[in-house]
Amino acid sequence: MKSPGLWWRWSLRELRQRLLLVVAIAIMIGLGTGLYAGLTSSSQWRRQSYDASYARLNVHDVRVAVGAGAGATVAQGRLAAVVRSLPSAAAVTGNVERLVLPTEIDASRPGHTVLSRGELVGIDLTARPPVDAVSVARGRGLVPADQGRDVGVLDRTFALANHLPPSGTVRTSGGGQVRYVGQGQSPEYFILPGEQPGLVTQSGFGVLYLSLPTAQRLTGQPGAVNDLVLTLRPGTDTGAFTAELSQALSAALPGTNVTVSDRDDIQTRRILYAEVNSDQRLWDVLAVVVLIGAVFAAFNLVGRVVDAQRREIGIGMALGVPPRRLALRPLLLGVQVGVLGVVAGVVVGLIVGAAMGALLRGVWPLPVWHTNFQVGVFARAAAVGLVLPVLAALPPVWRAVRVEPVQAIRASAVAGGSGPLGRLRLPGGSLAQMPLRNLTRAPRRLLLTAIAIAAVITALVVFTGELDTFTRTTNRAERDLTTSAPNRLRVILPRVEPVSSPTVTAVRRSPAVTETDPTLALPSRIFAAAGAGSGRGNGAGSGRGNGNGSDATAEPIDVLTYILDIGHGLWSPSVVSGSRTGGVLIAEKAAHDLGVRPGDTITLRHPQRVGTGYRTVDTPLRIAGIHGFPVRSVVFLDNADAGSFRLAGTTNVLVVQPAPGYGRDAATRALAAIPGVASVASATASIEEIRTLLRSFVGILRIGEVVVLLLAALIAYNAMSIAVDERRREHATMLAYGLSTRTVLALTVAESAVMGLVGTLLGIAAGYWALRYTVEVLLAETLPDLGVQAILSGRTLAVIVLFGVGAVAVAPLAAARRIRRMDVPSTLRVIE
Amino acid sequence: MALPGSPAGRETTTAGEPGIAGAPRAAAEKPGATEEPGAAEAVRIDLEGVGKRYDGGTTGVTALADVTLRVGSHCLLVILGPSGCGKTTLLNVIGTLDTPTTGTVRLEGVDVTRASRRIRREVRRQAVSFVFQSFNLFPALTARENVRFGADVAGRDRAGDVTDEVLVGVGLAERATHFPHQLSGGEQQRVAIARAIATGNPILLADEPTGELDFTTGVRILELLRGQSAQGRTVLVVTHNREIARIADRVVELSGGRIVHDGPPPGGRMPVAELRW
């Protein structure tokens, strides 16, 4: 190529002239690619961080739990002795006996009440190497010298959520008092289990790590343990070892209910890893929606900038310059935009990444967080950002070099067609026609710009619609729980007891309560009975079924079955379809996932009392109705329908109404102090659990929302900037004819508003579809226990319309100065 | 609506006007004023010692120097001179698109030399209209709508009727629904003239109106402009083409920003049909 320097200098001069516009388009690309890179990095960060955190704390390979919540214990040393007696004992690299018991945690300080259910975890501090160690983030950890002392480490997530200081004092059930000297975490509590299966909490569940003797003393069980965690040599067959251990335990501890589980059974660990993949699918969709918005906008804007060079291309053609050389300059513009876009993308990606990292650390405060720069992800996004503007420059160049030079030179060549759209006529004079005519004279440009706006509005609808959906879901849950006796408390007992037991009697007689409702909350499992009813299809979570009839192959659902006196107690669940009694009440999501409806039969696998013990039985139950609570794992059963449990006259959850003069905290404290009470929870504790479950989504959606708003503002500004540039001669003519700058601006604003309206309406339509897809398909997989329905509130819709139309409409006002200072004579004398 | 500061308000009706509906509503229509075709008693454009200098850092350019000029109605005045002599600057100053550095500019008796932006805008809406070399039509509007724009901006009553009559007057009634890019260069310029006429403003400023046109088309444009001056308008045509100056009532020749000749065309006014270039 001859004179490459000339072309390069020419291109650089043009870059200087259009620097603001080029940078703005580049930032737009950067926002799209940066958000994409930031969102898609999170899955790798999470997986790496989970692996590192579990490894650092030496997570157990096998766990032995005695009693499984029934409060049973064995003598200290028994479990370890069984392990030592195993033929495969050499495979064990570490084992630690523990005492894990429910408690009420009272971490209140003057003016700041913190009362939550929780667990005491007594650890043998002398065991080496430690298994399921406690990582301390603030203060200090427990040392062998702390054996037997009333000091402990408080769970970090709980402490952060309740804004507790690094050290302090907590009280436990039964009047114990412990000074916590640090805040830390153990692998099983990286996320804190909600009371409801499938839900998690942050502020509602406190774990207090103690030395084993301290825990034994506080719970009144000296020399007892109920838990053993151990690690195995790498390469050990965990399944075979578990089977061998189970057999040995049955032989050594006859009549004692012992559960042996492995690492994969840690529920919180399972949730963490399962969420990574399902979350990522959701973020990918959102990132791609935003990226598409940026892509369309950049494509359109770069194309329009290159279109403006059409005459120069025509002049070049007239002078005999080969088309490929003529194409060079516009393509160089594309490269410049692309390079700046990559730089902007890396910067935005780092900012989004930092925000995501901070959010992830806040939502899941793990001991180790890797939020390093993901080169591969960024390279992918950067490649899109680099190639896109060059591709965008190609069509207008192609169009320009294909026509005769004289056509390219003519100003009218870019004036557009005069088809049916161009002849649309509005009432009023010539000024009234102008905005709509300006748009319709170039339908391709209108379409591309409208699509760019629509893509961003689509993303905005998805982001804000999801927030709406979450808000509506939690509000609905809260409303459902507070239909009656909103101040009621739930007194949770460590085991099922007769209603005449001393603890229940003490609660009844407590001056803190006026009314007591004995109920049962029992871990159960529901699954569709084969051939039952004619359901509407299985849930997205199960991934099976044909949608006709109930799905006996759908995955069973772990639930908590609440047995209560429906219709007569302090509170009863609301029913959205069917009836309250005459069978089981299940959640809408559970019915959907199992493919059943009221009147159908499901199987409830539940504990049944046999003598002094329990066995697990399957009971077919008719579905009486669908309750209004949006959590899949909640099942209600009227006392009259719970005969198969054989638990009449017993309770493990007392629903109580605080006495007048007793606030929630005072009543909680009074009840938690009663010996035999495990914990006390408010009626709406589940709401916090739902909010916690949604917290990471809300945080990321907020980040996405900010990026989308920036993107929309940039698209509006760029489109306006180019439009004002394209119309400068028309504006000069209007000014020469005596129109005021204000009128010229008003015409431009009207034109932009119509453009914004078209884009916004398209975006809302596409956005609502995308919202339904993300909520009803992707979120259903990500949050299988939550029944969420896509909702776009009227308020949000109004805000989006106002924003979409408003931001685009007012963008020309940014050009007021440019129009006011326009050199009218010079602009008018440009000879075509 | 009255021109700000003018001695009298303006009529906005064109009823009963002779010729095409865009005929000027000028001083002749003002109460007490008298004006006959061919007479130049009412001074519409009054420039006194006008100078214009453009400062460009250490160097400056004098575009106009001590220009004094009075022009009445029924006049076709051609401003002649080579490129860079200040013709367009003079037109811009008269059209209130530019302000002089020195001197005074009066339009229809109103001093607009230091007038505010608002008043200058009002002058453009009510007193002067432009015809540009490169037409500057609105590409999204049809020929009719472009002409209607002139009537609308000036706030004329019965703007639709005025528009149709003006279009007939410039011979474009058949092309009224065409968009600019569907018209030839000559047709586009006729639309531009029609737009200026439709304002009803008494002063018509044309900057190289035939610059982009062939001879035959150029002649038609000049005939149109000649016709406007005959109807009472003051028509100023800027050109570097001496042949065009021969159809003028009066020729002002500029050189280096100064008037070097002001008078009738040498050899007298020639009918448009006899032009050759």
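Analyst: The discussion below moves from the overall chain to its core, a helix pair and an interface. This is a predicted model, in which local features need pLDDT of at least 70 and side-chain atom pairs count only at pLDDT 80 or more, while totals for chains, interfaces and linings use all residues. Residues are numbered from 1 along each chain as its sequence is written, with chains lettered from A and ligands numbered from 1 in the order in which they are written.

User: How many helices and strands does chain A have?

Analyst: Helices (H or I, at least four residues) and strands (E, at least two) are DSSP runs, numbered from the N terminus. Chain A has 23 helices and 24 strands. Its C-alpha atoms fill a box of roughly 100 × 55 × 55 Å along the principal axes.

User: Which residues touch the most other members of the largest nonpolar core?

Analyst: In soluble globular proteins, nonpolar side chains tend to be buried together. A residue is buried if 20 or more other C-beta atoms lie within 10 Å of its own, exposed if 12 or fewer, and partly exposed in between, with C-beta atoms placed from the backbone. A nonpolar core is a set of buried Ala, Val, Leu, Ile, Met, Phe, Trp, Tyr and Cys residues joined through C-beta atoms within 7 Å. Here the largest such core has 332 residues, and Met28(A), Val290(A), Ala298(A), Val456(A), Leu711(A) and Ile715(A) touch the most other members. Helix H18 (residues 685-726) of chain A gives the most to this core, with 19 residues.

User: At what angle do H7(A) and H11(A) pack?

Analyst: Axes are lines fitted to C-alpha atoms, for helices over the stretch in contact, and angles run from 0 to 180 degrees between N-to-C directions. Helix H7 (residues 267-307) and helix H11 (residues 375-402) of chain A pack at about 45°, their axes 8 Å apart. Angles under 35 degrees count as roughly parallel, over 145 as roughly antiparallel, 65 to 115 as roughly perpendicular and the rest as oblique. H7(A) and H11(A) are therefore oblique to each other.

User: How many residues of chain B are in contact with chain A?

Analyst: Two residues are in contact if their C-beta atoms, placed from the backbone, lie within 7 Å. By this rule, 28 residues of chain B are in contact with 26 residues of chain A. H3(B) gives the most to the side of chain B that touches chain A, with six residues.
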